[in-house]
Amino acid sequence: MYTIGCISHSSEISEEHKELFQSLQCNIQIINKEKAQLLFESNNSTLSLMDTLIIEDSDASNINWTCELIMNVRKQTALPLWILSSSDTINKTNRIVYLQLGADGIIEQGNETDESILMMRNLLKRFKQLEYPIEAPQKKLVERSAIFKLIPENLSVCLEDGVEVNLTKLEFLTVEYLHKNARKTMTYEEIYKNVWNDTYRNRKYRVSNLVFHLRKKLEIDIEKPQYIKTIRSKGYMLNV
């Protein structure tokens, strides 16, 4: 259920308005004109509880107040914002001004309100998805780890196609180290220290050369490696 904050000149919402928003299955929270300004105080958390805001523009003489309110809302939040009015109290100029200031739409009672409510519902759904995105399943990572399987007793790696690739001892030690730190950047120095364990100076060259031979065995396209990613000027990362 959505929570709609309705900023109204009065402290109640008409039955006509309730019926208008009934299809949204929402909880309407009325905010009267006097309390509206409190929304923009730094310690006020009311806006964070809303899914959308509606400003009731029932009097053409209140355009300045409505404009100021729209600007204040946009300084505080990106919540969907609608102006609720009627063709009797709003004109084309007012509509354009409200939209330019940041309103997402104008709901005119008695004038294609069904279309406006559908637009509001669609925007609410998209905004909810952005705020609480559907988490990408972790299944992919599990699957990728499963299809890139180390076989220590054979000094080999089993890839996604089920093919077992035999490696040299240094190659296996390198892959094993990267696998223990999968999806983390490991520097040339860290790889060299854990694989060679000596003080040879040209560490970067030896690591790069070994990774080149590893890619020839493991990657389908060594120019676009799937598993061993180069982290420029730092080292390598195993993407499993």
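## Surface and overall composition

The accessible surface of the protein amounts to about 14600 Å², and carbon and sulfur atoms account for 48% of that area. The model is a predicted one. Of its 240 residues, 40% count as buried.

The secondary structure consists of 9 helices and 11 strands. When contacts between residues at least 6 apart in sequence are considered, 58% of them join residues at least 24 apart.

## Helices H3 and H4

Two packed helices are described by the angle between their axes and the distance between the axes. For helix H3 (residues 63-76) and helix H4 (residues 92-101), the axes come within 9 Å and cross at roughly 20°. Because angles under 35 degrees count as roughly parallel, H3 is roughly parallel to H4. The contact involves Ile63, Thr66, Cys67, Ile70, Met71 and Arg74 on the H3 side, and Asn94, Val97, Tyr98 and Leu101 on the H4 side. H3 passes H4 in a right-handed crossing.

## Helix H7

Helix H7 spans residues 169-180 and has 12 residues. From its first C-alpha to its last, H7 reaches 16 Å, close to the 16 Å expected at 1.5 Å a residue.

The buried residues of H7 are Glu171, Phe172, Thr174, Val175, Tyr177 and Leu178. Among them, Thr174, Tyr177 and Leu178 also take part in the meeting of H7 with H8.

## Packing of H7 against H8

H7 packs with helix H8 (residues 188-195) at an angle of about 125°, and their axes are 10 Å apart. The crossing of H7 and H8 is right-handed.

From H7, the residues that meet H8 are Leu170, Leu173, Thr174, Tyr177 and Leu178. Their counterparts in H8 are Glu190, Ile191, Asn194 and Val195.

## Phenylalanine 212 in helix H9

Phenylalanine 212 belongs to helix H9, which covers residues 203-218. The relative accessible area of phenylalanine 212 is 40%, so this residue is classed as partly exposed, the class that lies between buried, under 20%, and exposed, over 50%.

Phenylalanine 212 and isoleucine 228 are 16 residues apart along the chain, and a distance of 9.7 Å separates their C-alpha atoms.

Note on methods:
Residues are numbered from 1 along each chain as its sequence is written. This is a predicted model: local features need pLDDT of at least 70, side-chain atom pairs count only at pLDDT 80 or more; totals for chains, interfaces and linings use all residues. Side-chain values use heavy atoms; hydrogens and water are left out. Helices (H or I, at least four residues) and strands (E, at least two) are DSSP runs, numbered from the N terminus. Buried means under 20% relative accessible area, exposed over 50%, partly exposed in between (1.4 Å probe, protein chains only). Contact means heavy atoms within 4.5 Å. Accessible areas come from the Shrake-Rupley method with a 1.4 Å probe; for residues, only the protein chains shown count as cover. The expected span of a helix is 1.5 Å times one less than its number of residues. Axes are lines fitted to C-alpha atoms, for helices over the stretch in contact, and angles run from 0 to 180 degrees between N-to-C directions. Angles under 35 degrees count as roughly parallel, over 145 as roughly antiparallel, 65 to 115 as roughly perpendicular and the rest as oblique. A crossing is left-handed if the near helix is turned anticlockwise from the far one by less than a right angle, and right-handed if clockwise.
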